[in-house]
Amino acid sequence: MIVEPEAEVFFEKWGVLHKALASGASDVHFCERTVPMARIRGEVVPIDGVELGTEHMQHLLKFLTDRSLSAKFYDPDHIDDIDFTVEFPSLKRRFRVNIFRQNDGTSIVMRVLNQQAQSFNTLGIPEAFGKVAEAAAKLPADGEKKEEPK
């Protein structure tokens, strides 16, 4: 999902994501009753001095989710977390977002995703798995008819 322009403006003015990325953060954490934190070289450190309240978290939820995700998160019959990917075009970055409830309120963790997909070799995955993935990508999706060669 690509964030709305309003969300980009909000985050740009706040500067938390920009500061986290400039610091080499792998994750950014937003939790009620704490200041925003970032995981930098394995250590979770504060990146802003303003403690987040319920209203802050509601704004973040509004900016990071669409109507469907928001409805799912607030649905009392749904599990208390949602996972999705969000893209910030102005930052040229994508994040894996996990929003969940804890005893002390709502929390959001945004994992910074690599800008380019890594190769199987770089990830230490045997070459055979790459061949299986390539073959699977060529299979027709469920319900589609495979075209016969002429």
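Which residue takes a positive phi in the hairpin of E4 and E5? That would be Lys 92, with a phi near 55 degrees, in a hairpin that has four residues between the strands. Helices (H or I, at least four residues) and strands (E, at least two) are DSSP runs, numbered from the N terminus.

Some ground rules before the tour. This is a predicted model, where local features need pLDDT of at least 70, side-chain atom pairs count only at pLDDT 80 or more, and totals for chains, interfaces and linings use all residues. Residues are numbered from 1 along each chain as its sequence is written, and side-chain values use heavy atoms, with hydrogens and water left out.

**The hairpin and its turn**

Strand E4 covers residues 81-88 and strand E5 residues 93-102. They run antiparallel and pair over eight bridges; two strands count as paired if DSSP finds at least two bridges between them. Within this pairing, Val 86 sits opposite Phe 95 of E5.

In a regular strand the side chains alternate between the two faces of the sheet.

Most residues other than glycine have a negative phi. Arg 41 lies in the loop between E2 and strand E3 (43-46) and is exposed, with a relative accessible area of 76%.

**Salt bridges**

Side chains of opposite charge can pair when their charged atoms come close. For a salt bridge, the cut-off is a side-chain nitrogen of Lys or Arg within 4 Å of a carboxyl oxygen of Asp or Glu. The structure holds five of them, including these:

| Salt bridge | Closest N and O atoms |
|---|---|
| Arg 39 with Asp 27 | 3.3 Å |
| Arg 111 with Asp 27 | 2.5 Å |
| Glu 32 with Arg 33 | 3.4 Å |

Shared partners join Asp 27, Arg 39 and Arg 111 into one network. Asp 27 is buried at 3% relative accessible area, whereas Arg 39 is partly exposed at 29% and Arg 111 is partly exposed at 41%. Arg 111 lies in strand E6 (residues 105-112) and Asp 27 in strand E1, so this pair ties together parts that are 84 residues apart in sequence. In the remaining pair of the table, Glu 32 is buried at 8% relative accessibility and Arg 33 is partly exposed at 47%.

**Helix H3**

Which residues of helix H3 (residues 54-64) are buried? They are Met 57, Leu 60, Leu 61, Phe 63 and Leu 64. Seen down the axis of H3, these buried residues fall within an arc of 170 degrees (taken from the directions from the helix axis to the C-beta atoms), so they line one face of the helix. They pack against helix H1 (5-14), E1, helix H4 (67-74), E4, E5 and E6, with contact meaning heavy atoms within 4.5 Å.

How values were computed
Buried < 20%, exposed > 50% of the residue type's maximum accessible area, 1.4 Å probe, protein only.
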